[in-house]
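Here is a short report on pockets and ligand surroundings. Have the sequence and model open as you read.

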Amino acid sequence: LRIRKTRPQLKSASPTSFRLTEKFILLLVFSAFITLCFGAIFFLPDSSKLLSGVFFHSSAVETNTRTGTDSDSNVAVGTEEKILTKIRKDHEKALVEAKDTLQKRPDEIKQDIQDEKDKMMTFAWDSYKRYAWGSNELRPVSKQGHSSNLFGEYLSPGATIVDALDTLYIMEMFEDFDMATEWVEKNLDFNVNAEVSVFEVNIRFVGGLLSAYYLSGKEVFRRKAIELGEKLLPAFKTPTGIPWALLNLKSGIGRNWPWASGGSSILAEYGTLHLEFMHLSKLSGNPAFAEKVMNIRKVLNRLDKPQGLYPNYLNPNSGQWGQHHVSVGGLGDSFYEYLLKAWLMSDKTDEEGKKLYYEALQAIETSLIRKSSGGLTYIAEWKGGLLEHKMGHLTCFAGGMIALGADGAPEDKTGHQMEQASEIARTCHESYARTTLKLGPEAFRFDGGVEAIATRQNEKYFILRPEVIETYMYMWRFTHDPKYREWGWEAVQALEKHCRVEGGYSGVRDVYASSPNHDDVQQSFYLAETLKYLYLLFSDDDHLPLEHWVFNTEAHPLPVIRKEMTDKPSQLE
Ligand code: DMJ
């Protein structure tokens with residue numbers, strides 16, 4: 001009704017209904033106005049003319065500025081020079097202000113990401129809930145569940161649920177945390193005839209359950225973690241006690257990956273059980289867990305290490321090294337991380353862990369760390385005495401690890417190690433910056449005329465891995481250099497632009513392509529690690545302080561075990 005009433009009123013005011021004399025007067029007023037505007041330009045001072053040049057492109061101003069020969073023009077030039085100087089000054093001031101804003105930016109970024117993290121985690125989690133609830137992972141393009149056989153096809157899956165528990169809690173998404181808890185109570189069952197990867201189940205499931213217990217105090221997580229830990233114990237039934245890589249949870253029969261050198265177990269797998277198993281002993285009162293991992297140390301201590309390095313392959317029957325392939329990336333990485341963290345998590349009482357870590361780091365520095373001709377520090381791989389000048393995305397976690405250990409470094413090496421950590425962070429940032437999508441390749445090389453660039457097609461993919469952001473998070477905590485938050489923000493933008501699809505976040509097949517080709521997998525570690533480290537990068541330092549919490553290799557926080565600590569989570573700071 002209101003519309004009908006209004007419309008006729010508008011119509012009656014329309015200019016088409018003016019009489020001829022009124023039209024004529026209007027025309028006169030309008031042309032007088034236009035004449036005044038143009039006239040004003042001629043009478044305006046020079047400074048305004050210069051400005052008007054912006055709109056009208058005054059060629060007169062340009063000519064005078066360039067020649068400045070006759071006296072009249074000299075006056076104009078003098079005036080214009082003043083104006084130009086002022087403009088230059090204003091410009092400089094603006095630049096300084098812009099720089100200031102850049103300094104301030106991390107705070108603004110912090111706000112952005114505090115908003116964004118909710119959006120990112122909520123979107124990743126909601127998509128999983130909607131399309132893949134109960135499956136291991138989500139296929140965000142085809143919008144369905146994905147059963148990665150890393151966890152065993154029949155193990156009641158839900159890897160994303162268990163991996164994301166602590167992130168939900170830390171980000172205060174409590175309704176979702178409760179929903180995930182209920183799923184664990186009702187569905188997470190280990191009495192299944194399934195062959196699983198001991199390493200993956202330990203870092204994602206045992207680690208995820210332990211963290212959820214320590215954060216929330218809910219008994220179900222403690223019970224399930226111990227139950228699962230007990231299921232893994234048969235993996236250690238080998239002549240040396242070095243565990244099998246794969247284990248059938250029902251029969252307790254283990255074996256190694258068929259592709260591993262001469263039936264070997266893998267350094268990064270058997271060497272990444274220590275933190276979780278120490279906590280399992282603490283929580284269960286059963287010393288067996290701690291004994292198993294301490295025995296691994298004993299076996300390693302007896303062996304000769306080529307140039308002080310640890311080969312990736314070790315035969316669990318003979319106790320001898322397999323192929324002499326050394327890597328701080330895939331197959332080796334988290335073994336080194338767990339030596340350092342074993343010491344830190346023991347309230348710095350595990351002196352052996354400390355010694356082994358710093359010795360290993362020294363050997364890595366001597367034999368694997370190199371600087372490219374363009375000045376980028378990288379960690380190469382070692383194959384039978386020959387260096388392969390390649391660094392994996394996985395290896396980028398080492399920046400954070402070296403920074404974390406720098407404080408306790410022997411022989412005044414703290415500064416040196418911090419420098420090394422920041423150089424590695426820079427190199428890994430470069431590996432992102434030198435791509436089209438601004439996301440890092442799986443591996444990048446420093447040979448054949450390239451630096452920090454993937455040259456092989458099968459090394460150009462990005463699967464939402466966390467290691468580079470993990471290093472930014474540690475570097476930020478130890479230096480508060482704003483560039484780490486800037487770099488983290490760049491990663492957020494790239495993830496949003498290229499990995500976000502309708503049904504969640506997806507990896508991409510080629511980071512150098514002009515547009516993303518999605519791999520259709522939202523990895524569970526994206527929620528466990530990538531989004532958590534991003535969140536912590538923009539949180540205050542007292543949010544999960546590093547003096548009290550040690551992150552397992554899947555970013556599940558475990559408390560430092562104080563000598564006087566009981567197993568009650570309420571006693572944690
Ligand atoms: C994670 O499962 C862990 O960080 C592991 O140590 C290595 N790689 C993935 C993520 O890239």
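## Pockets and ligand site

The second largest pocket has a volume of about 400 Å³. Its lining counts 22 residues, and Leu-344, Leu-404, Phe-478, Leu-546 and Glu-547 are the closest to its centre. This is a predicted model: local features need pLDDT of at least 70, side-chain atom pairs count only at pLDDT 80 or more, and totals for chains, interfaces and linings use all residues. Residues are numbered from 1 along each chain as its sequence is written, and side-chain values use heavy atoms, with hydrogens and water left out.

Some terms. On a 1 Å grid over the protein atoms alone, a pocket is an open set of points where a 1.4 Å probe fits, with protein on both sides within 12 Å along at least five of seven lines; lining residues have an atom within 4 Å of a point. A volume is the space filled by probe spheres set on the points, which are joined across faces, edges and corners.

The lining of the second largest pocket divides into 12 nonpolar, two polar and eight charged residues. Ala, Val, Leu, Ile, Met, Phe, Trp, Tyr, Cys and Pro count as nonpolar, Asp, Glu, Lys and Arg as charged, and the others, Gly among them, as polar. H13, helix H15 (397-406), H17 and strand S17 (549-551) each supply at least two lining residues. Helices (H or I, at least four residues) and strands (E, at least two) are DSSP runs, numbered from the N terminus.

The largest pocket has a volume of about 930 Å³. Of its 40 lining residues, Gly-330, Leu-331, Asp-333, Leu-394 and Arg-465 are the closest to its centre. The lining holds 15 nonpolar, 10 polar and 15 charged residues. The largest share, four residues, comes from H8.

Now the ligand. Residues around the ligand (a heavy atom within 4 Å) include Ile-203, Arg-204, Leu-394, Arg-465 and Phe-525. The table gives polar contacts, pairs of N or O atoms within 3.5 Å.

| Residue | Protein atom | Distance to a ligand oxygen atom |
|---|---|---|
| Glu-529 | polar side-chain atom | 2.9 Å |
| Thr-553 | backbone N or O atom | 2.7 Å |
| Glu-554 | polar side-chain atom | 2.6 Å |

One more residue. His-429 sits in helix H16 (residues 414-433). Leaving aside residues up to four places away in sequence, His-429 touches Tyr-472, Trp-487 and Glu-490, with contact meaning heavy atoms within 4.5 Å.

Definitions and conventions: Polar contact = N/O pair within 3.5 Å; in protein donor to acceptor, adjacent residues only side chain to side chain.
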